[in-house]
Amino acid sequence: MEFAARLADAATFKTDCLIVPISGKTLSPEAKAIDVATGGMLSHLRTTGDMTGTNNTFCWLHKPAGIAAKRLLLMGVGDKPLNRQALITQLSAVAKEVLKTPARNAAGLFTELTLSNPDDKQSKNTTAKNTRSDDAWIGTQLAQQFGEAQYKFEAGKTTVCHRGKLGKVTTLCNNAKTLKAVRTGNALGAAIATGSNVTRLLGDLPANVCTPGHLAKQARALARKHPKITTKVLSEKQMAELRMHSLLSVTAGTELPAYLITMEYKGGKADQKPVVLVGKGVTFDSGGISLKPGGKMDEMKYDMCGAASVFGVMEALVAAQLPINVVGIVPTVENMPSGTATRPGDVVKSMSGQTIEILNTDAEGRLILCDALTYAARFKPDTVIDIATLTGACVVALGSHATGLFSNDQVLADDLLSAGIIAGDRAWQLPLWEEYDKQLKSDFADMANIGGGGGGSATAAAFLGRFTKDYTWAHLDIAGTAWSSGPKGATGRPVPLLMEYLRGKAS
Ligand code: BES
Ligand code: MN
Ligand code: ZN
């Protein structure tokens with residue numbers, strides 16, 4: 001989908017669909033002009049009660065007299081400055097409304113919306129340059145929401161169907177400054193939507209299609225398509241040479257080969273240290289010998305959404321052409337029970353040299369991540385961020401609204417929190433305390449792979465913390481945010497959060 005910004009008059013602008021925000025009390029000058037051109041139609045609708053400007057309401061008018069547009073979509077926005085998170089939901093609804101019609105293009109007076117201040121209270125210490133004009137923010141969200149609304153997974157088919165006929169969305173502006181801001185914002189939002197849709201497709205694909213081999217193939221395809229990306233795929237034999245026996249213990253029960261995928265995006269200066277993203281790529285998590293219960297086990301095809309978000313960010317980086325170096329690392333395996341599977345009680349030695357007693361084969365994410373995190377050090381990272389559908393406990397704690405965030409560096413934590421607020425893809429910080437680390441004590445190895453007692457998300461993070469001591473690191477537990485259970489589908493999160501963070505770092 002194409003996005004544009006134009007200095008043009010809404011009443012005479014030729015479009016299949018004109019979108020006009022309507023406030024509660026009085027019409028804005030721009031809406032007033034439409035009212036006059038249509039012979040008082042907006043005032044009439046207010047009197048009849050069909051469109052009073054109440055926030056979150058819609059009204060369609062077809063073949064409106066007096067203006068050039070074929071359709072008019074009135075969007076009630078109320079009188080108060082708009083909460084950003086709520087506006088994102090509303091823009092998404094607008095996009096879906098327009099996509100239902102045969103409109104091939106649309107235009108809107110989006111820069112008239114008044115936003116409330118970002119709810120940035122819990123992250124004052126941010127170093128990232130997150131400040132951006134409201135017009136640029138609207139441009140980003142508009143492109144992102146329209147772009148994401150196009151995604152539809154066709155059940156049983158392994159292709160995405162880009163629904164609707166809509167090919168272009170234009171923001172009508174009344175000054176050059178706004179125009180420039182919207183254009184910059186549009187470019188970022190379109191890039192985020194492209195990335196987020198890649199993430200959703202990989203997540204939605206069934207585990208018999210989206211195997212570790214499929215992810216390796218995608219990585220190679222990415223490098224062929226984009227000159228700024230290089231890919232390297234390590235085989236099980238090469239991982240064994242690197243002594244990644246923790247990772248390899250997870251793949252012991254499956255027939256499918258495991259891979260360690262590295263993708264490098266070089267958008268910054270040659271000597272600039274990279275941000276390394278490490279994504280959990282368990283293409284199906286049956287639990288292994290510690291088998292999961294049958295109900296909803298199908299959802300464990302989503303256990304590679306961390307990996308999928310790394311792929312999504314790579315696509316988005318190319319599309320947005322951010323001047324930054326980013327390395328994506330994806331350890332990818334399938335976790336299955338069989339005669340060759342790892343047993344509860346088995347002890348393995350990780351690449352770091354630390355030994356692990358595997359008390360529960362269902363706590364497999366941390367077993368593949370720990371070796372990938374040790375491997376990450378060779379890229380001399382500025383920052384390492386892992387992304388994983390790691391614990392059911394995180395879903396209990398935060399539901400589907402916030403990603404769980406842990407970090408050994410408060411500046412990084414604040415940057416990520418703040419990026420999440422701006423992107424409308426929020427995270428919430430949880431503790432990385434040594435009390436949780438102590439719960440990992442094992443009688444037979446340096447540590448157990450599960451923590452006794454409660455705090456399952458924090459003990460999982462503490463486990464990873466034992467492998468990330470040499471660099472600035474954050475862990476995002478996306479078990480609750482990466483997919484939705486009804487209607488089922490991958491959400492594309494946390495691609496918007498990560499892109500906003502990387503944008504801040506790059507500027
Ligand atoms: N992939 C799961 C975590 C998960 C569970 C994500 C439910 C989304 C929804 C992970 O591998 C897992 O099984 N974790 C266990 C850890 C436990 C055995 C310590 C869990 O959360 O139950
Ligand atoms: Mn598991
Ligand atoms: Zn898992």
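Mentor: Let us begin with terms. Helices (H or I, at least four residues) and strands (E, at least two) are DSSP runs, numbered from the N terminus, and two strands pair if DSSP finds at least two bridges between them. This is a predicted model, in which local features need pLDDT of at least 70 and side-chain atom pairs count only at pLDDT 80 or more, while totals for chains, interfaces and linings use all residues. Residues are numbered from 1 along each chain as its sequence is written, chains are lettered from A and ligands numbered from 1 in the order in which they are written, and side-chain values use heavy atoms, with hydrogens and water left out.

Trainee: In strand 17, which residue is the bridge partner of E357?

Mentor: The partner is A448. Strand 13 (residues 355–358) pairs with strand 17 in the parallel sense, over two bridges. The open sheet has three strands in the order 12-13-17, with mixed pairing. Strand 12 (346–349) and strand 17 (447–448) are at the edges with a single partner strand each, so one side of each has no neighbour in the sheet.

Trainee: How is a metal site read, and which residues are the protein donors of the zinc ion (ligand 3)?

Mentor: Donors are N, O and S atoms within 2.8 Å of the metal (3.2 Å for Na, K and Ca); water is not among the atoms, so sites may look incomplete. Here the protein donors are K280 (NZ), D285 (OD), D303 (OD) and E364 (OE), at 2.0 to 2.4 Å from the zinc ion (ligand 3). D285 also coordinates the manganese ion (ligand 2), which is 3.1 Å from the zinc ion.

Trainee: What is the geometry of the zinc site?

Mentor: Ideal angles at a metal are 109.5 degrees for four tetrahedral donors, and 90 or 180 degrees for six octahedral ones. In the assignment, four donors count as tetrahedral if all angles lie between 85 and 135 degrees; four count as square planar and six as octahedral if opposite donors are over 155 degrees apart and all others between 65 and 115; anything else is irregular. The site of the zinc ion (ligand 3) is octahedral, with angles of 79 to 177° among its six donor atoms.

Trainee: Where does the largest pocket lie relative to the domains?

Mentor: Domain bounds come from an automatic or database domain assignment. Domain 1 (2–197) and domain 2 (219–506) both contribute residues to the lining of the largest pocket, so it lies between them. The centres of the two domains, taken over C-alpha atoms, are 35 Å apart.

Trainee: How many cavities of 30 Å³ or more are found?

Mentor: The search of the whole structure finds two. The largest holds about 70 Å³ of space, and E364 is among the residues that line it. Helix 4 (134–149) gives the largest share of the lining of the second largest cavity, four residues.

Notes:
1 Å grid on protein atoms, 1.4 Å probe; cavity = no way out; pocket = protein on both sides within 12 Å on 5 of 7 lines; lining within 4 Å. Points joined across faces, edges and corners; volume = space filled by probe spheres on them.
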